[in-house]
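Student: Could you take a close look at one part for me, the aromatic contacts and whatever open space turns up in the pocket search?

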Amino acid sequence: MADLSEIDLEFVQLGGTGIQTSELQFGTWRFGKETEEGNVEIGEQRAHQLLDAYAEAGGRYIDTADVYGGGESERWIGDWLADRDRERYTIASKIFWQIRDGDPNSRGTNRKNIRNRIDALLDRLGTDYVDVLYIHRWDDQTDARELMKTLDGLVEDGKVHYLGASTLRPDAWKVARANEIARSEGWEPFSVLQPRYNLVDREIEGDYLKMARHEDLAVCPWSPLGQGFLTGKYDREDGLTGESRVAESSRFADAYLTEENFDVHDELDAVADEVDASPAQVALAWLVHRDGVTAPIVGARTVEQLEENLAAATIDLSDEQVDRLTQSKGGPYAHL
Ligand SMILES: NC(=O)c1ccc[n+]([C@@H]2O[C@H](COP(=O)([O-])OP(=O)(O)OC[C@H]3O[C@@H](n4cnc5c(N)ncnc54)[C@H](OP(=O)(O)O)[C@@H]3O)[C@@H](O)[C@H]2O)c1
């Protein structure tokens, strides 16, 4: 297993902002999350062990959302941060999904919902500000002017430093338009994007990444390992061969366990053999090497998985290997 203290994650510029992010960010979606069987996927103790491991490897960028684990993710991060120098960490959270049954205003990015939720979120994290606040999804019921003015108010109040937009494929143009409005009014624009992107999910390789480059936006991909598909534990014939909380979920199987994706995995295995690394490490290294990507958000259910994944930062791929992996998916998205 990797020696965490030897990994020493580097800092990279967070798009057009003035701050830097760790080259691998850490995602906490699974903290306090209940499985279909009613078990908690990652409990508090494990959550703190994972954060310890990430910090030991030099990691300083933690991604959460106010709905993760019904607020437990933020609360556990806050408890963990209380014993540390908060200033050394960059914390990103998100607002969007409905939090009260029967209350449509508790969903989306209307002014009432955002202003109501930001203080609760900061309280759980035990901090006066988040470094990045994402809209978790675009809300077609809130006008872009209302959204950008409300978000700018949070920046003015010092509760938020930078603004992010999560997912938004295929509607990348909405971010560009919102940024135009913000700039023309002297308000804070979006600086960071968080799309799904990995070797087998390549939808953003068109207008979305072009827009990101044009706007100088950071791109921080989620599900960089295709929720575990790109780790070598799924077999073309036998399905899952290792441990996973997704086990036989039909949604996961339909999305990932396809012939086309296993063909991509064959190339991943070949490159992994060449560089003496695991498929998960090469899948992450491909993203790190990919033009237009700022820093993937690494997820893990166990400390062992996290150690394996963070060691991806030490892997060097040749241009030829990056190209082969890029081309393995084929189709219209192979070139940026
Ligand atoms: N903005 C959004 O809408 C959005 C959506 C999703 C995620 N995110 C963010 O992105 C982060 C990462 O997303 P993700 O969890 O989907 O990432 P991922 O890296 O694609 O999947 C992580 C999962 O894969 C499995 N895994 C990871 N490393 C492994 C290894 N070395 N060996 C074997 N299995 C391994 C684990 O699940 P099992 O062991 O259970 O198989 C782990 O929970 C989240 O925590 C969250 O912060 C954001």
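Tutor: Here is a walk through the ring pairs, then the pockets.

Keep in mind that this is a predicted model. Searching the whole structure turns up 11 aromatic pairs. Take Phe229 and Tyr256: their ring centres sit 6.2 Å apart with the planes at 25°, under the 30 degrees cut-off, so this pair is stacked. Phe229 belongs to the loop between strand 9 (218-219) and strand 10 (234-235), while Tyr256 is in helix 8 (residues 250-256), so the contact ties together parts 27 residues apart in sequence. Both partners count as buried: Phe229 has 0% relative accessibility, and Tyr256 has 4%. The two also belong to a cluster, linked by ring pairs, of Phe229, Tyr234, Phe252, Tyr256 and Phe262.

Rings meet charges here as well. Arg30 lies over the face of Trp29, 4.1 Å from the ring centre, and Arg86 does likewise over Tyr129, at 4.0 Å.

Trp29 and Arg30 come back in the largest pocket: along with Ser223, Gln227 and Arg245, they lie nearest its centre, out of 50 lining residues. The volume of this pocket is about 1400 Å³. Helix 8 returns too, giving the most to the lining with 4 residues; strand 12 (297-298) and helix 11 (303-310) each supply at least two. By type, the lining splits into 18 nonpolar, 16 polar and 16 charged residues.

The second largest pocket holds about 200 Å³ of space. Among its 13 lining residues, Arg213, Asp216, Leu217, Gly292 and Thr294 are closest to the centre. Helix 7 (207-215) and strand 9 each give two or more residues to that lining, with the largest share, 3 residues, coming from helix 7.

How values were computed
Residues numbered from 1 in each chain as written. Predicted model: local features only at pLDDT ≥ 70, side-chain atom pairs only at ≥ 80, totals over all residues. Heavy atoms only, no water. Phe/Tyr/Trp six-rings, centres within 6.5 Å; stacked < 30°, edge-to-face > 60°. Buried < 20%, exposed > 50% of the residue type's maximum accessible area, 1.4 Å probe, protein only. Lys NZ or Arg CZ within 6 Å of the ring centre and 35° of its normal. 1 Å grid on protein atoms, 1.4 Å probe; cavity = no way out; pocket = protein on both sides within 12 Å on 5 of 7 lines; lining within 4 Å. Points joined across faces, edges and corners; volume = space filled by probe spheres on them. Nonpolar A, V, L, I, M, F, W, Y, C, P; charged D, E, K, R; others polar.
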